[in-house]
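Biologist: I am new to this structure. Please show me how to read a few of its features.

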Amino acid sequence: MIEFEVDGQQVQVPDDGSSLLGTLRDHLDKRSAKDGCSPQGQCGCCTVLINGQPRVACVTPTRRVKGRSVTTLEGFSPDERARWGGAFCATGASQCGFCTPGIIVRLAGLEEKKPDASEDDVRLALAAHLCRCTGWQTIVDAWNQRDIEINDTRDLAAAAQRAELEGRNEQTVSAAVALGDGGFADDRAPADALVAVLNEAGKWVVGESLHQARTLAGKVQGRRTTLEPTHPVAVPNGDWVATLQTSWVDPAYLETDAAWALPGQPAVSPLSNGGAFGGKIDSIVTAVAEHLATEYDRAVRVLFSREDAIRLGAKRPPVAGAANADGTGVLRVVATPGIDEAIHAVAPGLTVEHVQVPTELRTSTQVRGAGWVEAVALLALAAGKLDRVQPIDSGWAEASVTSDGINVRVGAGQVLDEVVLRSYCIGAAHMGYSLVMGESLAVDADGIVQDLTVRSFGVVRASDTPTIHIEIVDESGPAVNASDAVFAAVAAAVALHTNAITWPHT
Ligand code: FES
Ligand code: FES
């Protein structure tokens with residue numbers, strides 16, 4: 001047995017070779033520490049304090065904390081939890097909330113070490129973390145507001161309504177979400193559920209615990225290559241005003257696909273509190289959980305590793321296109337059923353060609369803005385200017401890039417909750433900037449993905465993200481999604497500003 005202190009209590013756990021994250025979640029029921037990439041140690045979701053120092057628990061063997069003191073976000077005092085949870089909720093610094101507990105623990109560690117830390121110190125501290133949703137800026141806002149007494153009288157039901165429109169998924173807005181209680185499937189699975197994971201051959205391996213299942217699966221940890229990003233689709237020949245070529249891109253959601261089911265019952269969804277922006281809509285884990293629960297006649301919990309999510313999760317289809325200033329042209333896309341409609345809705349003058357490429361990866365129109373965001377950017381490059389972007393049945397966005405940063409005007413119908421709308425617009429602006437400037441997955445000539453770590457995605461870090469200015473135009477009319485328009489408008493504005501004709505732009 002290994003003895004140590006967790007959240008002020010002495011505990012004893014079996015010395016079974018588990019990581020500290022596995023021990024915290026599966027032996028001690030501390031679910032605020034999340035598994036976003038275990039055991040890669042690269043996303044920061046599992047950050048806890050060990051003797052007061054922020055550490056990632058997924059690469060810390062439990063043996064190493066023998067006799068030490070471990071503090072999870074659950075072990076913070078009620079006042080501290082209220083202070084951090086309140087600041088994150090009041091500023092929109094947490095959306096799905098999967099990354100947030102680790103970030104709060106990191107910032108609490110920073111505050112302890114350097115109470116007068118600057119915004120730059122905060123951005124530097126965030127380098128140990130990944131967040132898909134927020135675009136970082138609101139997290140810095142939360143840091144600045146952590147000591148301000150919060151009198152948050154917002155209508156959180158209206159805030160959730162806005163979040164659901166922007167995330168296109170059921171969503172809760174509360175301090176509890178920031179503190180780790182977003183209702184994620186893997187947090188809510190019954191303690192006695194069997195656990196199923198994939199082995200190297202792609203077969204499901206079932207164990208009594210996650211540690212046992214992963215040990216039985218014997219998986220080799222993912223790696224990151226030094227391969228340059230590949231651009232699998234060739235630009236159409238011809239005399240064109242502008243061209244655009246993109247790479248393989250992962251949606252980079254932080255909560256990997258997870259579900260659980262009781263025998264004969266529908267599985268709990270992997271889409272609990274948003275955050276994937278369409279990336280998990282057609283995940284296989286629900287069907288697998290239902291099937292295995294029936295087969296074993298027990299509750300079964302199914303969990304993708306980060307490597308599984310990269311290999312099996314839906315990808316943004318790479319494109320290569322060419323266009324003229326009048327909006328005519330050709331957009332060639334890795335074959336993806338349904339992509340034509342999405343592209344023609346914003347770019348009726350583009351001919352869409354489906355291209356077969358050797359690949360083990362799966363593309364989907366469900367991934368946020370797939371195909372049509374690239375079409376908007378291509379047309380802006382060809383026209384040399386960017387007009388208002390307004391997809392069908394959506395709000396609108398205008399964007400520009402100046403020495404001051406990224407400037408966005410947005411109309412979303414009835415605002416419902418300004419904090420949440422602003423947060424989603426900043427997150428979408430970051431996503432647009434990051435798509436053009438940073439994101440790719442290396443895939444070899446046979447179509448085998450070579451980048452298998454969460455850091456391989458190239459999501460632009462807090463310290464490299466320009467300041468994002470959001471102006472919300474308060475309009476009457478029904479509330480509609482507007483952050484997708486922001487994503488497209490910012491990607492196009494950044495491409496125009498930098499003349500980025502291959503993405504990621506170097
Ligand atoms: S789960 Fe530990 S760093 Fe990602
Ligand atoms: S709030 Fe950070 S990943 Fe969703």
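Modeller: Strands S1 (residues 2–6) and S2 (residues 9–13) are paired antiparallel through 5 bridges. Strands are DSSP runs of E, at least two residues, and helices are runs of H or I, at least four residues, numbered from the N terminus; two strands pair if DSSP finds at least two bridges between them. This is a predicted model, in which local features need pLDDT of at least 70, side-chain atom pairs count only at pLDDT 80 or more, and totals for chains, interfaces and linings use all residues. Residues are numbered from 1 along each chain as its sequence is written, chains are lettered from A and ligands numbered from 1 in the order written, and side-chain values use heavy atoms, without hydrogens and water.

Biologist: Which residue of S2 is the bridge partner of Glu5?

Modeller: Gln10 is that partner. The hairpin of S1 and S2 has 2 residues between the strands, and Asp7 in its turn has a positive phi of about 50°.

Biologist: Which faces does S1 have, covered and uncovered?

Modeller: In a regular strand, side chains alternate between the two faces of the sheet. In S1, Ile2, Phe4 and Val6 make up the covered face, while Glu3 and Glu5 make up the uncovered one. S1 also runs parallel to S5 (residues 69–71), joined by 2 bridges, and Val6 is opposite Val70 there.

Biologist: Which residue caps the N-terminal end of H6?

Modeller: Asp155 does, with a side-chain oxygen 3.0 Å from the backbone nitrogen of Ala157. After H6 comes Arg168, with a positive phi near 55°.

Terms used. Buried means under 20% relative accessible area, exposed over 50%, partly exposed in between (1.4 Å probe, protein chains only). A polar contact is a pair of N or O atoms within 3.5 Å; within protein, one must be able to donate a hydrogen and the other to accept it, and residues adjacent in sequence count only if both atoms are side-chain atoms.
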